Amino acid sequence: MSDIRRAVAFYEGKLGLRPLWSGPSAAIADGSRIYGSGGGPALNVYQSVTAGTTAATLATWYVDDIDQIVDELTSAGVEFTRYDQFAHDVKGITPRAGGGRIAWFQDPDGNTFALESDV
């Protein structure tokens with residue numbers, strides 16, 4: 001993230017992730033967080049000048065009920081990304097290659113994340 005305060009507001013406030021650790025990142029005091037997800041460490045978020053520069057999906061969460069999670073995140077203010085080459089339902093969920101379903105969203109810097117479900 002380009003600004004750790006904005007990152008905290010998004011990852012903790014909108015996604016509801018709980019920090020397991022916070023500390024320095026390079027020369028930035030308190031510029032890093034490790035968030036728990038699914039019972040263990042899942043995501044290291046830190047302030048960086050290169051935030052948002054990749055078009056790749058940075059992390060994917062595999063969930064049992066993608067509809068429920070998308071509804072919860074939408075209610076929290078997360079906007080789901082729609083790509084022209086895929087058919088999305090009204091929630092922004094699309095069929096996944098090989099079966100299942102997927103939905104993408106971005107953090108405030110444009111880093112892309114996904115939710116996937118086998119049903």
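The model is a predicted one.

I took F10 and F105 to start. Their pair is tilted, with 6.4 Å centre to centre and 40 degrees between the planes. F10 sits in helix α1 (residues 4–14) and F105 in strand β7, so this pair ties together parts that are 95 residues apart in sequence. I checked burial too: F10 is buried, and F105 likewise.

Next I went to F80 and F105. The ring centres lie 5.7 Å apart and the planes stand at 70 degrees, so I logged the pair as edge-to-face. F80 belongs to strand β5 (residues 80–81) and F105 to strand β7, so parts 25 residues apart in sequence are tied together here. F80 and F105 are both buried.

Which residues make up the aromatic cluster? I listed F10, Y11, Y35, W61, F80, F105 and F113 as one cluster.

F113 took me to strand β8. I noted that six of the six residues in β8 (residues 112–117) are buried.

Strand β4 (residues 57–62) runs parallel to β8, and five bridges join them. A59 stands opposite F113 there. Strand β7 (residues 101–106) pairs with β8 in the antiparallel sense, over six bridges. W104 has A114 as its bridge partner in β8. The hairpin of β7 and β8 has five residues between the strands, and in it I found G110 with a positive phi near 95 degrees.

Technical notes:
Residues are numbered from 1 along each chain as its sequence is written. This is a predicted model: local features need pLDDT of at least 70, side-chain atom pairs count only at pLDDT 80 or more; totals for chains, interfaces and linings use all residues. Side-chain values use heavy atoms; hydrogens and water are left out. Buried means under 20% relative accessible area, exposed over 50%, partly exposed in between (1.4 Å probe, protein chains only). Helices (H or I, at least four residues) and strands (E, at least two) are DSSP runs, numbered from the N terminus. Two strands pair if DSSP finds at least two bridges between them. Rings of Phe, Tyr and Trp (its six-membered ring) pair if their centres lie within 6.5 Å; planes under 30 degrees apart count as stacked, over 60 as edge-to-face and the rest as tilted.
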